[in-house]
Amino acid sequence: MRIGLYITALGPGGAERVVSRLSNILKNHGHSVYVILSETENMAYPLDGTLIDLGIRSEKSFFKRIAVLVKRIRALKRIKKNEPLDVVISFLDGANIVNILAKDKHTKAYASIRNHQSSILLNKSRFGVLLHRISMGFLYRQAAGIINVSKVVAIDTGDLYKIPRHKLTVLYNPYDIALIQQSSLEDAPRDFLSFIEDKSKVICSTGRLQHQKGFWHLLKVFSQ
């Protein structure tokens, strides 16, 4: 198959790492892989396959962001037509919106949801939540399918956006087990070893310092 993986940028994030790994996995399985980025500055991970740069950078002001959205939709439509691709899988909300609105009758548009959406909406007003559910629900129902990062996320996605169950798929994040095993045999950095050598208990975790990551759970567990 000719598969497109679309994400806005390839900075140092979890979804971006998944795109990197999938490009390698899919290519090794004999597929033609096209990694499509809206902008290619500060790429944090290696890629396999053909890299396509839309060259349309993000903007901060509302009206410029609308213009950027329209430009990206048009650019992705051209790519779907000219390549042509069998399927385009997008990652994260911004890319999902562009991918679905750039629908092509010859190319299936799959959106992937990497977060538990209901948790993200907890801090929004009732009107904001309602507006989000209606607009994004309508949009996601137009996709060929929704790929979810876990079973819990798939259930939440279906309930929140009223998406039929047959359109929901679970695909866990890919990991290179051999690489992890190889890395486990390497010596840890000296500064890390000096940090833990006089401590009886150590908990390691990584992620952004945001509410969604729930680091307070680790602090509670550690104290107990």
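**Group meeting: a few residues in a predicted model**

F127 counts as exposed because its relative accessibility is 60%; exposed means over 50%, buried under 20% and partly exposed in between, with a 1.4 Å probe and protein chains only. This is a predicted model, in which local features need pLDDT of at least 70, side-chain atom pairs count only at pLDDT 80 or more, and totals for chains, interfaces and linings use all residues. Residues are numbered from 1 along each chain as its sequence is written, and side-chain values use heavy atoms, with hydrogens and water left out.

F127 sits in helix α5, residues 126-140. Helices here are DSSP runs of H or I with at least four residues, strands are runs of E with at least two, and both are numbered from the N terminus.

Next, E83. Between F127 and E83 there are 44 residues in sequence and 41 Å in space, C-alpha to C-alpha. E83 is joined to P84 by a cis peptide bond, with omega at about -25°. P84 itself belongs to the loop that runs between α2 (62-82) and β4 (87-91).

Now two backbone angles. N42 lies in the loop between β2 (32-37) and β3 (50-53). N42 counts as exposed because its relative accessibility is 69%.

L92, also a residue other than glycine, has a positive phi near 80°. Its place is the loop between β4 and α3 (93-101). At 31% relative accessibility, L92 is classed as partly exposed.
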